[in-house]
Amino acid sequence: MLVIAHRGASGYRPEHTPAAYRLAAEQGADYLEPDLVATLDGVLVCRHENEISGTTDVADHPVFADRRITKIVDGTAVTGWFVEDFTYEELRSLRARERMPGLRAGNTAYDGLEAVPTFDEVVALAREESQRLGRRIGVLPEIKHPAYFRRLGLPLEELLTERILTLGLRDDEVMVQSFEPTSLRRLSVMTRVPLVQLVDSESAPHDFLRTGDGRSFADLIAPAGLREISTYAHVLAPHKDLVVPRGPDGSLGEPTRLVDLAHRAGLAVQVWTFRAERRFLPTGTDFGTELTSFTRLGVQAVFTDHPDQAVAALRRTTLNV
């Protein structure tokens with residue numbers, strides 16, 4: 001089973017930093033997961049959102065004070081500073097910081113130490129760590145807000161495909177994920193790398209909402225929806241509550257049939273996101289027990305903020321078989 005480092009080892013270092021990615025590789029992750037957005041001049045950089053006030057020190061730079069603005073991103077008003085309003089060189093003057101300092105206070109010790117990395121730099125890091133550790137470490141980028149960026153003239157699908165080709169990334173080095181089916185359909189005719197359809201536990205893909213398509217994420221994981229996904233993607237990546245829902249008291253309930261249905265449609269299954277902090281865990285369950293309950297269902301991969309704990313839990317499960 002694959003362990004995917006969600007934004008790097010983000011339980012231990014500020015997310016989407018070289019330190020988080022490097023630590024994830026050391027902890028045994030099989031894939032590093034960078035979220036991608038684009039700068040004004042079309043450079044793909046790693047941030048969870050295009051609004052960067054929560055993950056960089058941009059507010060501390062008076063020279064950029066006048067770039068604070070309110071925008072509508074996927075139907076929601078967001079105020080702050082946005083990657084697409086900065087050139088790559090301007091963005092490089094900022095430093096990353098912990099997104100959840102109240103929860104992960106220890107990570108704040110690394111605030112201000114590193115710049116925002118590019119996709120190219122994460123690929124180089126993965127290759128360097130693969131060589132150093134003697135095992136393959138891939139990258140699994142998620143393109144964020146693709147319809148939004150396309151309207152700005154920054155089509156993430158084309159930008160990423162160009163980098164995949166230029167960097168010579170092989171199928172066993174990269175997979176690409178998105179919540180938007182339209183984006184993955186575009187990618188399916190641009191590249192042959194494995195594609196991953198992300199599915200949330202509620203609402204609908206933003207491209208469906210924007211175009212008036214009445215389907216929701218729930219429709220995508222019905223048998224007909226899974227068969228449709230299999231025509232353009234290779235993997236289904238559902239929110240973990242869609243695989244093992246929680247009961248009224250917050251404890252793990254009975255598994256759904258989603259993993260089996262996805263497999264019947266020819267799709268591998270990667271589940272997100274496993275975090276070790278108590279606030280994220282089911283009632284009465286520790287991290288290892290939660291993770292094991294999913295692996296026994298036959299999923300192919302798990303996303304986690306704590307790769308070392310996932311690797312250890314999987315190793316214990318293997319030894320107990």
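Lys and Arg count as positive and Asp and Glu as negative, while His and the chain ends are left out of the count. The place of a charge is taken as NZ of Lys, CZ of Arg, CG of Asp or CD of Glu. With those rules, the protein chain has 37 positive and 46 negative side chains, and the centres of the two sets are 3 Å apart.

The model on screen is predicted, so local features need pLDDT of at least 70 and side-chain atom pairs count only at pLDDT 80 or more, while totals for chains, interfaces and linings use all residues. Residues are numbered from 1 along each chain as its sequence is written, and side-chain values use heavy atoms, with hydrogens and water left out.

**Stop 1: the whole chain**

Show the protein chain as a cartoon. There are 12 helices and 13 strands; these are DSSP runs (helices H or I with at least four residues, strands E with at least two), numbered from the N terminus. The radius of gyration is 19 Å, close to the 20 Å that the globule rule gives for 321 residues, so the chain is as compact as a globular protein of that length. That radius is taken over C-alpha atoms, and the rule is 2.2 Å times the number of residues to the power 0.38. Along the principal axes, the C-alpha atoms fill a box of roughly 55 × 45 × 40 Å.

The protein chain exposes about 13400 Å², and carbon and sulfur atoms supply 52% of it. Accessible areas come from the Shrake-Rupley method with a 1.4 Å probe, and for residues only the protein chains shown count as cover. Buried residues make up 54% of the 321 residues. Buried means under 20% relative accessible area, exposed means over 50%, and partly exposed is in between (1.4 Å probe, protein chains only).

**Stop 2: the cores**

Select Leu 32 and Leu 236. These two have the most contacts inside the largest nonpolar core, which has 81 residues. Helix H3 (residues 119–133) gives the most to this core, with 5 residues. A nonpolar core is a set of buried Ala, Val, Leu, Ile, Met, Phe, Trp, Tyr and Cys residues joined through side-chain atoms within 4.5 Å. A second, separate core has 11 residues, including Val 196, Leu 198, Ala 301 and Phe 303.

Which residues does Leu 32 touch? Not counting residues up to four places away in sequence, the list includes Ala 5, Tyr 21, Val 122, Leu 125 and Ile 137. Contact means heavy atoms within 4.5 Å. Across the protein chain, residues 24 or more positions apart account for 68% of the contacts with a separation of 6 or more.

**Stop 3**

Move to Leu 44 in strand S4 (residues 44–46). Leu 44 counts as buried, at 5% relative accessibility. Leaving aside neighbours within four places in sequence, Leu 44 is in contact with residues including Val 37, Phe 119, Leu 156 and Arg 163.

Next select Ile 72 in strand S5. Beyond its neighbours within four places in sequence, Ile 72 is in contact with Ala 77 and Tyr 148. Ile 72 and Tyr 148 are 76 residues apart in sequence and 9.2 Å apart in space, C-alpha to C-alpha.

**Stop 4: backbone exceptions**

Most residues other than glycine have a negative phi, and most peptide bonds are trans. Select Arg 7, where phi is near 65 degrees, a positive value. Arg 7 is in the loop between strand S1 (2–6) and helix H1 (18–26), and counts as buried at 7% relative accessibility. Asp 74 also has a positive phi, of about 50 degrees. Its place is in the loop between strand S5 (69–73) and strand S6 (76–80), and at 19% relative accessibility Asp 74 counts as buried.

Then find Trp 272 and Thr 273, which are joined by a cis peptide bond with omega about -20 degrees. Thr 273 is in strand S12 (residues 268–274).

**Stop 5: two loop residues**

Is Asn 107 buried or exposed? Asn 107 is buried, with a relative accessible area of 3%. Asn 107 is found in the loop between helix H2 (88–91) and H3, and touches residues including Ser 10, Tyr 12, Arg 13 and Glu 98.

Finish at Pro 248, in the loop between strand S11 (235–238) and helix H10 (258–264). Pro 248 is exposed, with a relative accessible area of 94%. Draw a line from Pro 248 to Gly 225: the two are 23 residues apart in sequence and 28 Å apart in space, C-alpha to C-alpha.
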